[in-house]
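Me: I would like to go through some backbone and packing features. Please take them one at a time.

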Amino acid sequence: MNFQLRKKLDRGEKLIGTLLSLPSPEIAEIMSMVGFDWLFIDLEHGPHGFMELQRMIQAMKPNCGALVRVPEVSEANIKKVLDIGAEGIIVPKVDTAEKAKQIVSYAKYPIQGVRGVGAARAHGYGLNFKEYVERANEGTLVVIQIEHFEGVNNINEIVEVEGVDVIFIGPYDLSASFGVAGQLEHPLVKVAIEKVEEACAKAGIPMGYFGTNPEAVKPYLQNESYQLITCGTDSGFLIEKGKSVLGELGS
C-alpha cells in the first residue's frame, strides 16, 4: 500500500469522492473506474459486513483510495477496517477531544497507539508485513466527523489532538442536532460550520464535506480549507438516473 491519499492531502490537493452505501464490489469497481479520487464506504448506515468491505476494496482500481466510515468506535472495528486495506477511517459524531484521542490510539501501532499487530490483506497477507507496519502510522488517515453541536462546542480542543488528520462536516446530522434537520442554510448551522472552519484554519487541519449533488459541494471546492469533498451516493445516482430515463420516456 502506498498511502496515496495521505500524499495527496499533504500536497494540498482537493480530492473528490462519492459515498457508497450499497455492499457491491461491482459498484466500487465502477466508481473507481469513473475517476473519483477516493470512495467513502459507509459501514455506519450501510448493511456491509467486513467480508463485503474487503471484496469492495479488492475490486477498486489502484489509483482510487478507500476511506471507511466505521459503524461505531471500537478497537476491533478500526483494526479490522485498516487490516482489510482501507487507507484510513472516518468516524461519526466525535464530540470530545477524549474520544478523538481514543480513535487515534486505535488507529496507530505502538508506541503511538494500541492497534493490534496481525498479518492481513493490508500487509500483503504477511508478504509486505514489515514495510506496511513501518509506514502505517504515518500513512493512515484519521478523519473525524463533526455532526453535532457538542462537537462544535469542543472543536478548539478536538483540533489540538495529535493524529487527527481531517475534520469532516456532517451537515445533515449537524442540522438535526440544532432541531432544524435538513435546513443546511439555517443560521445556526452556518455559524456552527464557520466556527469549525476557524478552528481548523488556526490548527492547520484540512476539512471535508458531504453534499448530495454538485451544486451543494461547489462552494466548498472553492474554499481552500476543504480538501476531502464527497458528492452524491451510489443509491442516489441510481435513483436520479432511473427517474431521468423514465421522464424522457414519458412514464
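Me: In which loop is Y125 found?

Reply: First, the ground rules. This is a predicted model, where local features need pLDDT of at least 70, side-chain atom pairs count only at pLDDT 80 or more, and totals for chains, interfaces and linings use all residues. Residues are numbered from 1 along each chain as its sequence is written, and side-chain values use heavy atoms, with hydrogens and water left out. Y125 is in the loop between α5 and α6; helices (H or I, at least four residues) and strands (E, at least two) are DSSP runs, numbered from the N terminus.

Me: What is the phi of Y125?

Reply: Most residues other than glycine have a negative phi, and most peptide bonds are trans. Y125 has a positive phi, near 60°. Y125 is exposed, at 54% relative accessible area; exposed means over 50%, buried under 20%, partly exposed in between (1.4 Å probe, protein chains only).

Me: Where is K93 found, and is K93 exposed or partly exposed?

Reply: K93 sits in the loop between β4 and α5. K93 is not a glycine, yet its phi is positive, about 45°. Its relative accessibility is 38%, so K93 counts as partly exposed.

Me: Which residues does the cis peptide bond join?

Reply: The cis bond joins P110 and I111, with omega about 10°. I111 belongs to the loop between α5 and α6.

Me: Which residues of helix α4 are buried?

Reply: An α-helix has 3.6 residues a turn, so residues three or four places apart point the same way. In α4 (residues 75–84), the buried residues are N77, I78, V81, L82, D83 and I84. Among the elements they pack against are α3 (50–59) and α6 (129–139), contact being heavy atoms within 4.5 Å.
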